[in-house]
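Student: Please pick one part of this model and go through it closely. I would like a connected account, with the cut-offs stated.

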Amino acid sequence: MPFTLPELPYPKEALEPHLTAKTFEFHHGKHHNAYVTNLNNMIPGTEYETMSLEDIIKKTAGDATKAGFFNNAAQIWNHTFYWNCMTPNGGGEPTGKLMDKINEDFGDFGKFKDAFKQAGVTQFGSGWAWLVAENGKLKVTKTLNADLPMVHGQTPLLTMDVWEHAYYIDFQNRRPDYAQTFIDKLINWEFVSKNFEAAM
Ligand code: MN3
């Protein structure tokens, strides 16, 4: 069963001026779409042909001979999750139990923001910054290339794409400015809260 490119959860110009329509034309229309096309080209005649995306990711994780399947499947999943982590008029602060848990596990919301930005800025090369739940605790992590929390026993709550293609059109080389804008203006805390409620 071929995979399809999910629609963006908002119009491509909805996050302007922070992330422009042009970024979404490339990032969603070209990069995300290419992962879908690549995976669909690879799976016919293999055991992965009838599997869900998550099953392909879990079955191929850590197997170097299956890296092509893993990388494309994981990048499809990561990008779909990432689009949902942003919203027009996003940013600000979470509320309720999620805020209480952030205060408990990070000290305060400012310390969480610092840790999340630091994870994104210090990920060398391409990858992702994450807020995850693991064994009842919230943690900030970062992963390389397509790697993702679900294959490390963690539940993802929030992610930020720090591949250059995520920010180069709007921020050029200024990854820290992109990360700050993502945190202050774009995070969809309602989506993160739903992930948190489901995970705890
Ligand atoms: Mn990307």
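Tutor: The model is predicted, so local features need pLDDT of at least 70 and side-chain atom pairs count only at pLDDT 80 or more, while totals for chains, interfaces and linings use all residues. Residues are numbered from 1 along each chain as its sequence is written, and side-chain values use heavy atoms, with hydrogens and water left out. Helices are DSSP runs (H or I, at least four residues), and strands likewise (E, at least two), numbered from the N terminus.

Helix α2 spans residues 53–60, and its buried residues are L53, I56, I57 and T60; buried means under 20% relative accessible area, exposed over 50%, partly exposed in between (1.4 Å probe, protein chains only). These four lie on the same side of α2, because they cover an arc of only 100° around the axis, taken from the directions from the helix axis to the C-beta atoms. Just after α2, G62 has a positive phi of about 80°.

H27 (NE2), H79 (NE2), D161 (OD) and H165 (NE2) coordinate the manganese ion at 1.9 to 2.1 Å. Donors are N, O and S atoms within 2.8 Å of the metal (3.2 Å for Na, K and Ca); water is not among the atoms, so sites may look incomplete. Along the chain, the donor spacing is H-x51-H-x81-D-x3-H. H79 in α3 (residues 67–84) and H165 in α6 (residues 164–171) are 86 residues apart, a link between distant parts of the chain. H79 counts as buried because its relative accessibility is 0%; H165 is buried as well, at 16%.
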